[in-house]
Amino acid sequence: MFHLRSLPRLIALFIGIASMSFLASPALAADAKPNIIFIMADDLGYGDLGCFGQKLIQTPHLDQMAKEGTRFTSVYAGSTVCAPSRCVLMTGLHTGHARIRGNARVPLEPDDVTVAEVLEKATYRTALCGKWGLGEPESTGIPNKQGFHHFFGYLNQHHAHNYYPAYLWRNETKVTLRNEVPGGDGGKEGFGQNWATKRIDYSHDLVMEDALKWVKQNATGRSSQPFFLYLALTIPHANNEGTRGTGDGQEVPDYGIYKDKDWTNPNKGQAAMITRMDADLGRLFALLKELKVDENTIVFFTSDNGPHNEGGHTPKLFNPSGPLRGMKRDLYEGGIRVPTIVRWPGKVPAGREDDTPWSHVDVLPTFAELAGVSRDALPDKLDGRSIVPLLMGKDAPRDLTDRALYWEFYERGFAQAVRKGAWKAVRKGHTEGKTELYDLSSDIGETKDLAGDHPEVVKVMERIMAQEHVDDPNWKVRGK
């Protein structure tokens with residue numbers, strides 16, 4: 001029987017339960033918002049890491065990251081070249097809908113919503129260290145106008161070819177370096193700046209030092225404001241202009257453990273760049289532990305597209321695509337499937353492998369969920385899905401397994417690709433092109449075209465291609 005004298009106790013009990021619910025809410029609890037670090041290498045192939053099958057290039061710290069986290073084996077970049085891939089990553093729109101669909105100088109606009117803007121509104125401190133490629137100086141697309149509080153690195157993707165540039169950007173200010181580059185401090189951004197005649201300041205080292213410094217300044221404990229670091233490294237992209245000047249586009253201060261190998265200098269440089277990157281990421285992990293934020297920081301490692309055949313090195317020596325067909329600029333698996341590792345101690349399962357297909361288009365909604373941002377606070381039109389269940393080791397929900405992933409690319413002609421389930425379709429040319437069809441469950445190397453055996457599947461894939469491509473003023477297919 002209820003007595004009035006019991007009321008104060010019941011009120012206290014209800015207040016206690018409500019308080020517990022408030023603190024347990026992922027969207028409200030301060031320590032439920034992890035720090036987020038997204039590391040993206042440049043032109044690193046599916047087979048370039050030891051944990052993805054590489055035999056000649058040593059990557060011990062990334063291999064250890066795979067042991068301590070989950071290795072995702074069916075992750076796709078947003079595109080097969082730099083700028084559109086980075087646009088997909090930042091906006092959650094695939095290349096049939098995104099503003100930037102090729103490597104031209106098309107900046108993001110004020111109405112483009114980026115990952116950094118979403119996290120900024122969720123109280124995150126945001127930084128980009130490295131390569132941007134989505135807006136020239138004084139344009140609407142520069143990082144500081146797209147949600148990043150701090151930026152250090154390259155704005156222009158062509159300027160980023162040179163590891164010994166005349167300058168880098170810190171926010172909206174040029175930082176002059178000690179390198180001597182003919183015409184390097186004037187003229188159009190990215191041109192005449194790609195071959196240093198005097199090399200002192202190695203840009204990768206400067207970017208890493210800036211990133212480590214920023215983390216130290218913004219990781220003062222679990223109760224502090226969470227941070228988001230987008231570490232967009234330029235390794236192992238080649239300096240093609242340097243190749244024309246010196247014959248060696250793999251710019252690196254030294255060959256390290258590969259100096260005595262019976263390889264060409266470009267091959268030594270290619271290996272040394274990747275191992276140098278790996279060692280620096282080892283420093284980053286050590287810093288997270290030193291600052292005692294390791295267990296509250298989720299770290300992603302991936303690449304912006306498949307491996308290059310540039311700079312004078314010999315791809316056949318390292319087999320950078322692993323078992324996949326194609327390389328950078330292809331929409332076959334080797335051009336878009338990228339090595340991916342995710343680590344978050346105590347949250348992301350250690351030593352696990354997951355083969356569920358997902359893409360960099362999923363990064364924005366995923367980070368929003370990690371930060372406690374509700375779906376209705378995001379742009380209405382997003383092509384990505386949150387992959388948080390996969391990160392936590394759960395079975396893939398139907399909205400991930402049943403959906404189609406789409407790509408298009410226009411450089412030396414138009415091409416489209418779709419993956420749905422195990423089926424992968426590739427079409428070179430617009431509607432007049434022949435559609436190829438592959439079963440990735442039994443043919444990861446895309447060696448056998450099954451289009452003639454499965455015309456009904458081809459029709460489905462071509463219907464998706466037609467639906468997902470939307471003409472844009474900058475990237476119209478008509479009138480090719």
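Of the 480 residues in the protein chain, 58% count as buried, where buried means under 20% relative accessible area, exposed over 50% and partly exposed in between, with a 1.4 Å probe and protein chains only. The model is a predicted one, so to speak of local features takes pLDDT of at least 70 and side-chain atom pairs count only at pLDDT 80 or more, while totals for chains, interfaces and linings use all residues. Residues are numbered from 1 along each chain as its sequence is written, and side-chain values use heavy atoms, leaving out hydrogens and water.

Now for the overall build. The chain holds 13 helices and 15 strands; these are DSSP runs numbered from the N terminus, with helices being H or I of at least four residues and strands E of at least two. A compact globule of 480 residues would have a radius of gyration near 23 Å, and the chain agrees, at 23 Å. That radius is taken over C-alpha atoms, and the globule rule is 2.2 Å times the number of residues to the power 0.38. The C-alpha trace spans about 90 × 60 × 45 Å along its principal axes. Of the contacts between residues at least 6 apart in sequence, 65% join residues at least 24 apart, a contact being heavy atoms within 4.5 Å.

Next comes the inside. The largest nonpolar core has 111 residues, and Trp132, Phe228, Tyr230, Leu231, Met277, Phe301 and Phe367 touch the most other members. Such a core is a set of buried Ala, Val, Leu, Ile, Met, Phe, Trp, Tyr and Cys residues joined through side-chain atoms within 4.5 Å. Helix H7 (residues 265-290) gives this core its largest share, 10 residues. Leaving aside neighbours within four places in sequence, Met277 is in contact with Ala41, Leu44, Leu62, His204, Leu233, Ile235 and Phe301. A second, separate core has 13 residues, among them Val81, Ala415, Ala417 and Tyr438.

Val457, Val458, Met461, Ile464 and Met465 are the buried residues of H13. Seen down the axis, they fall within an arc of 120°, so they line one face of the helix, the arc being that of the directions from the helix axis to the C-beta atoms. Their cover includes strands S12 (404-410), S13 (414-420), S14 (423-428) and S15 (435-439). On the face turned away from the buried side sit the exposed residues Lys459, Ala466 and Gln467.
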